[in-house]
Amino acid sequence: MAKEYIDFETLKYLVYDVHQLEEVLQQDRFADHDKASMDMFLDSVKEFSDRELFPYIKEMDEHPAYHKDGGVIVHKQVEVMMKKGGEMGLISGTFDYDAGGLQLPMMIYTASAFIQEAANNHLPGYVGLTIGSAELIVHFGSKALNETYVPNMLSGVWGGTMCLTEPQAGSSLSDVVTKAVPADDGYYKITGQKIFISAGDHQYADNFVHLVLARIEGAPAGTKGISLFVVPKKRPDNKGNLIPNDVTTVADFQKLGQRGYCTTHLGFGDANDCHGWLVGEANQGLSYMFLMMNGARIAVGRGAAAITTAAYQASLQYAKERPQGRKLISTGKKDVEQGQTLIINHPDVRRMLLLQKVVAEGSLSLVLLASKYYDLKETLQDMAEKEKYSLLLELIIPMVKTYPSEMGALAVSNGLQVLGGYGFCSDFMLQQYHRDIRIFPIYEGTTGIQSQDLLGRKLLMENGKALELLTAEIMQTIQYASKYDNLSGYASKLGEKLQLAQKVIGFLIGFAQKGDYERFLSDATPFMEFFSNIIIAWIWLDMAAHSKNALVTAQKSHAEDFYESKIHAMKFYFKYELPKVNGLAETLMDQEVLTIAGEKELFN
């Protein structure tokens, strides 16, 4: 295994220098925090991850979670994760003081979770799902629900889940059939099944609080008739004791990757004695769930960025230690009298390593930017500014979830290639990272769903106001970078691609204006790749401009080579990745339609 799984210096550079955490800390909500205390928090999370997470990642893959006697058996480190997650504030971090939280900025929580996920992506999800379900209760639940469930969830004593997917419905939540029938005592009788429930059961939590989407008897069809319920595995009786609530763990799915992170199939009400309590108003369940979805999609992008980073560190270490072959000499031949060179000296290996670097660090910077937008929209007092960051966040969220997931999988595949045949062997970690990251394009809405959200909803939101705001942010970076001679050419390139994006968007929107929505959205996924590539180019130009400014002003908090490496990585991205948008633009503006089903079926 690699000796290191993240570049801690780069993480802190992005948090403090590029994304200016101290601007966020000026908000009243974070008055009790400063840079020094945030630094101490990140250092403690890194030390915890070094000791309790990273050493167990391979072992958790080799000894997967499994179903036995109506429950799920998981690795012993899950107990450590739940207990320490409660003690260290890894669960309660972003919650209000009143709820027992620490009122940390989302930026710092994101950075801390990134460290944990890079160390061991099988463990943080156990607390992550508990956070998500507790947030729903805090935001929308009654005082009684909050008092009954939230304290034990934030302390890590109880786990939490979000139960959306059903066997017959998949991602189509309008087809949810789990049923809720009102009872006389203020609760509902719940019956149905949910699948793919992450962290749905294990032996290291005294109880599980499931947040379940269900349809109240007689509710409207489709998404308008879905409500949200708290459905505990064990419910408190009138004496405060926990008794079984007719929630059955039917099975645990055996998976390609993330084998130590259990994924369960749950049954509700097999004996007609499953009690659920309505969260908020009836028929508003999906809107409640989606209000929490921005955080969930940031989490998916963050997890993918973390695995990409860990894989990059592992392949980089291997390349620095593995001698193989010889460098070409001026005659174009190899001097067999020379000793072997390290593979990091071979240009193609360096190309693969740089691809991993630009995807990993670009993804992390994008995720942190989304977290900053989240913090500002939640804490700013000026309503116009609040709306600005809310719209910016809504627009980039589909890319925040998708780019790290899709390009992360490609980057990890390149990392495996760096190791050659050893990359395919279980003695080395790359094959595990390759398997672990493959679920991320599927989590929280597949790439196709995210792409339709980006093109079909977010670009058109408020007559394109979010796109105008994002374009202004990009132009600000272009103007900043243009001040420096060796960056101005790259700034111009990004400006050209921004103009190309406007041309592509105008072409596609023409179909929507004519009411041809199927054609409008038929190439949403290529558009996602096209637009995300431009956004990551912006992310890298911004990073390079900050690095260049530090070098020019001599206000350096890192070594000169550190800043030069960021500028070099930006140049690599602009040479090898950004030009791909030209081919995608050609595809997107091609009039020929090949993927819409017609009268004749052409698959055979």
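Okay, quick definition before we start: a residue counts as buried when its relative accessible area is under 20%. Keep that in mind, and remember that this is a predicted model.

Let's talk about aromatic rings. How many aromatic pairs does the count come to? It comes to 20. Take one of them, Tyr 188 and Phe 229: this pair is edge-to-face, with 5.1 Å from centre to centre and 65° between the planes.

Now for another pair, Phe 572 and Tyr 576. Is that one stacked or edge-to-face? Stacked, with the centres 4.5 Å apart and 25° between the planes. Here both residues sit in helix α19, four residues apart, so about one turn of the helix. Phe 572 has a relative accessible area of 7%, so we call it buried, while Tyr 576, at 36%, is partly exposed.

There's a cluster to look at too: Tyr 13, Phe 562 and Tyr 563 make up one aromatic cluster.

The charged end of Lys 377 sits over the ring of Tyr 374, 4.9 Å from its centre. Likewise, Arg 519 lies over the face of Phe 511, 4.3 Å from the ring centre.

Last stop, Ser 365, in helix α11. Its relative accessible area is 1%, so Ser 365 is buried. What does Ser 365 touch, leaving aside its neighbours within four places in sequence? Its contacts are Leu 14, His 19, Ile 539 and Met 543.

Conventions. Residues numbered from 1 in each chain as written. Predicted model: local features only at pLDDT ≥ 70, side-chain atom pairs only at ≥ 80, totals over all residues. Heavy atoms only, no water. Helix = DSSP H or I, 4+ residues; strand = E, 2+ residues; numbered from the N terminus. Buried < 20%, exposed > 50% of the residue type's maximum accessible area, 1.4 Å probe, protein only. Contact = heavy atoms within 4.5 Å. Phe/Tyr/Trp six-rings, centres within 6.5 Å; stacked < 30°, edge-to-face > 60°. Lys NZ or Arg CZ within 6 Å of the ring centre and 35° of its normal.
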